[in-house]
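Thanks for making the time this morning.

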Amino acid sequence: DRDLLIEWMRAFMVEALGRPDDAEARSMVDRGLELGSRTFYLWEADGRAVSVAGVGGRTPNGIRVGPVYTPPAWRGHGFASAVTAAASQAALDAGRRFVFLFTDLANPTSNRIYQAIGYEAVIDVDLIRFGEP
C-alpha cells in the first residue's frame, strides 16, 4: 500500500497545507514504515481502501493521530470517523494514556467528527511565518 499512502499524503498536504510536496510525502511514508515511527491505518469498504489515519509522534504517555485523509470521492460516508476512532482506540489499547491530534479550526467537518468520537478541544495554536522583508 506504499504507493497509495504516498499519493494520499501528497493529497493531504495539498488540501491541508496548500502545497504539493512529493519528496515530503514519500519521506513521511517511507520513514514511518522503515523505522516503525508511524503506523498507517487504512479503512476499507467493499474491498478497497477508502480512508487513512496515521499515528506517530510518541510521547512518554501519549501519541498523535494524524494525518487523517479520505479522498473526495469517499467523503460523507463516515470512513474518516471510523478509521480515526479505531486508530485512537488501538493506541489506548496499546497502553497510551492520551491520544491527541491537531485539527484546522476552519474545518467544521473534521472538528465535529473528532468531538463526536470523544476528542476535546484543549488549546488553539497560531502559526506565524515571517518572510523576507
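Among contacts in the protein chain between residues at least 6 apart in sequence, 47% join residues at least 24 apart, where contact means heavy atoms within 4.5 Å. What you are looking at is a predicted model, in which local features need pLDDT of at least 70 and side-chain atom pairs count only at pLDDT 80 or more, while totals for chains, interfaces and linings use all residues. Residues are numbered from 1 along each chain as its sequence is written, and side-chain values use heavy atoms, with hydrogens and water left out.

The protein chain holds 4 helices and 4 strands, and, read along the sequence, these follow the pattern α-α-β-β-β-α-β-α. The radius of gyration is 15 Å, close to the 14 Å that the globule rule gives for 133 residues, so the protein chain is as compact as a globular protein of that length. Helices (H or I, at least four residues) and strands (E, at least two) are DSSP runs, numbered from the N terminus, whereas the radius of gyration is taken over C-alpha atoms and the globule rule is 2.2 Å times the number of residues to the power 0.38.

Along its principal axes the C-alpha trace spans about 50 × 35 × 35 Å. Of the 133 residues, 33% count as buried, a word that means under 20% relative accessible area, with exposed meaning over 50% and partly exposed in between (1.4 Å probe, protein chains only). The protein chain exposes about 8,800 Å², and carbon and sulfur atoms supply 52% of it; such accessible areas come from the Shrake-Rupley method with a 1.4 Å probe, and for residues only the protein chains shown count as cover.

Let us turn to the strands, which pair if DSSP finds at least two bridges between them. Strand S1, residues 38-45, runs antiparallel to S2 and is joined to it by 8 bridges, with Arg 38 standing opposite Gly 56 in S2. The two form a hairpin with 2 residues between them, and in this loop between S1 and S2 we find Asp 46, whose phi is near 55°, a positive value in a residue other than glycine. Is Asp 46 buried or exposed? With a relative accessible area of 83%, Asp 46 is exposed.

S2 itself is mostly covered, with 8 of its 9 residues buried. Strand S2, residues 48-56, also pairs with S3 in the antiparallel sense, over 4 bridges, and Gly 56 has Arg 64 as its bridge partner in S3. Here too there is a hairpin, with 5 residues between S2 and S3, and Gly 57 in the turn has a positive phi of about 70°.

How many of the 8 residues of strand S3 are buried? Of residues 62-69, which make up S3, 7 of the 8 are buried, so this strand is largely enclosed by the rest of the structure. Pro 67 lies in S3, and the peptide bond leading from Gly 66 to Pro 67 is cis, with omega near 0°.

S3 also pairs with strand S4, residues 98-100, in the parallel sense over 3 bridges, and in S4 the bridge partner of Ile 63 is Val 99. From S3 the chain crosses through helix H3, residues 79-93, to S4, and this β-α-β crossover is right-handed, which is to say that, with the strands pointing away from the viewer, the path from the first strand over the helix to the second runs clockwise.

On the way into that helix, Gly 78 sits in the loop between S3 and H3, and with a relative accessible area of 39% Gly 78 is partly exposed.

Not counting residues up to four places away in sequence, Thr 84 touches Ala 53, Val 65, Val 68, Leu 101, Tyr 114, Ile 117 and Tyr 119. A polar atom of the Thr 84 side chain also lies 2.7 Å from the backbone oxygen of Ala 80.

How values were computed. Polar contact = N/O pair within 3.5 Å; in protein donor to acceptor, adjacent residues only side chain to side chain.
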